[in-house]
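Here is a short walk through one model. It starts at a strand and its partners, then turns to a pocket.

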Amino acid sequence: MKAQLILPMLCGMASTASATEKPQNVVIILTDDLGFSDIGCFGGEIETPNLDKMAEQGIKMTQLYNSARSCPSRACLLTGLYPHQVGVGGMANAKIAIDPKKPVGYAGFRTDNNVTIAELMKKAGYYTAMSGKWHLGVQKPTERGFDDYYGLLGGFNSFWSTKPYSRLPEGAPELKSEGTFYATNVITDYAIDFARKAHEQQKPLFLYLAYNAPHFPLHAPKERIDKYMKTYLQGWDKLRDERFKRIVRSGLLQGTPELSPRGEVPGSAFVKEPHALPAWDSLTPEQQKDLARRMAVFAAMVDIVDENIGRFMKELKRLGELDNTVIMFMSDNGACAEWHEFGFDKKSGVEYHTHTGDELDNMGQPGTYHHYGTGWANLGCTPFSLYKHYAHEGGISTPCILWKGGKNKAKGTINHTPCHFTDIMSTCLDIADSTYPETYKGRKLEKADGVSLLPAFEKKPKSGKTRRAA
């Protein structure tokens with residue numbers, strides 16, 4: 001369990017830019033279904049050298065909380081409001097508009113009472129772009145403040161096919177693909193292209209880089225999957241113990257931390273009665289190989305995300321923009337336990353097949369559909385209890401890195417201040433030296449109560465107020 005932190009006296013918010021300074025670029029990197037300890041600098045065994053370097057140069061925030069599922073977290077992050085305030089208390093279907101028959105907190109993504117970070121950053125003079133997963137209903141990113149968009153409008157789909165991915169606004173130039181299409185790589189290609197466009201326009205960049213990895217269906221190149229097979233054949237019990245030891249040694253937990261029990265498969269629409277997760281050694285060799293391969297695909301996806309983050313940062317450096325950029329890295333919810341310990345195949349549910357022999361080599365390749373199951377989600381949420389869907393620590397705790405070029409007095413620190421996705425709006429406005437309005441385009445806005453995270457770079461507590469126009 002995370003120890004409770006009594007916040008010290010909150011400090012005032014200082015302006016981050018003077019009239020003579022170039023406004024800082026702002027990049028939000030959001031991953032999908034990444035557990036608290038899946039990346040290396042948060043205790044994981046997956047190779048994430050670029051994120052690890054970001055953490056060494058930046059700040060690890062250990063108590064940034066999301067809203068436990070994809071759509072609510074995204075609505076919260078983009079508006080600075082809680083999900084139910086903007087109609088996204090549940091999931092948003094990309095083909096369904098607001099449903100007046102549903103309670104207002106679940107009716108769909110509203111436009112009448114909120115404004116997005118992109119809309120306000122655009123108003124502040126930023127070039128605004130998004131690359132990646134939207135998952136907020138029929139509204140399109142370019143209708144909510146983004147100048148350019150490429151990505152997945154829905155919630156999940158193949159990483160190998162171009163068909164589910166869209167370029168907006170309609171008629172905007174598309175990049176020419178080279179080699180085999182793989183979504184994470186192409187999402188980064190567009191992120192790089194958007195960064196170049198901002199640079200050419202001599203505007204500061206606001207980029208929302210929302211990878212759909214490592215959400216199912218689990219897809220990755222075979223050679224990257226093979227790299228992790230030996231690791232995951234060790235099993236979830238041994239690896240969970242090792243993650244916990246690294247987490248404790250690194251100081252990510254306060255007080256006298258304890259590892260939660262192995263965990264259980266929760267009751268769900270597919271599982272009538274909860275049951276304990278099995279010990280790894282109780283599984284057959286065939287089951288172990290199948291499950292290890294599933295987790296190896298997941299790890300490969302995270303590895304590739306990290307590689308692409310490094311590629312994006314390298315381009316910012318080439319443009320001379322890296323040292324003038326603030327990057328915030330996080331995950332939309334905890335690791336995904338759907339729906340039992342053996343994962344699923346073909347579609348979300350409980351249908352699965354234990355792959356053997358040559359079948360193992362084909363896992364994660366074009367035309368396949370897999371998920372890794374509750375046992376590996378329990379590893380991903382180490383050291384906490386439960387998973388995505390649940391308002392327990394395992395469901396709402398995100399690995400978070402704040403990075404601020406060469407302007408960081410708190411380099412390499414761990415910050416245990418409790419904070420929330422609602423704070424991202426205020427942080428972005430603080431960077432832009434802008435304010436949160438009471439009205440936008442004639443609409444009265446709900447008050448955004450988040451506070452800026454920028455004081456963390458000065459080794460100070462969060463600011464105690466939301467920036468609002470006088």
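Strand E4 pairs with strand E5 (residues 165-168) in the antiparallel sense, over 4 bridges. Two strands pair if DSSP finds at least two bridges between them. Helices (H or I, at least four residues) and strands (E, at least two) are DSSP runs, numbered from the N terminus. The model is predicted: local features need pLDDT of at least 70, side-chain atom pairs count only at pLDDT 80 or more, and totals for chains, interfaces and linings use all residues. Residues are numbered from 1 along each chain as its sequence is written, and side-chain values use heavy atoms, with hydrogens and water left out.

E4 has another partner. Strand E3 (residues 127-133) joins E4 in the parallel sense, over 5 bridges. E4 spans residues 148-152 and is mostly covered, with 5 of its 5 residues buried (under 20% relative accessible area, 1.4 Å probe, protein chains only).

Now the largest pocket. It holds about 420 Å³ of space. A pocket is an open set of points on a 1 Å grid over the protein atoms alone, where a 1.4 Å probe fits, with protein on both sides within 12 Å along at least five of seven lines; lining residues have an atom within 4 Å of a point. The volume is the space filled by probe spheres set on the points, which are joined across faces, edges and corners.

The lining has 21 residues, with Leu175, Lys176, Ser177, Val186 and Asp189 nearest the centre. E5 and helix H4 (183-201) each give two or more residues to this lining. H4 supplies the largest share, 7 residues.

Conventions. Buried < 20%, exposed > 50% of the residue type's maximum accessible area, 1.4 Å probe, protein only.
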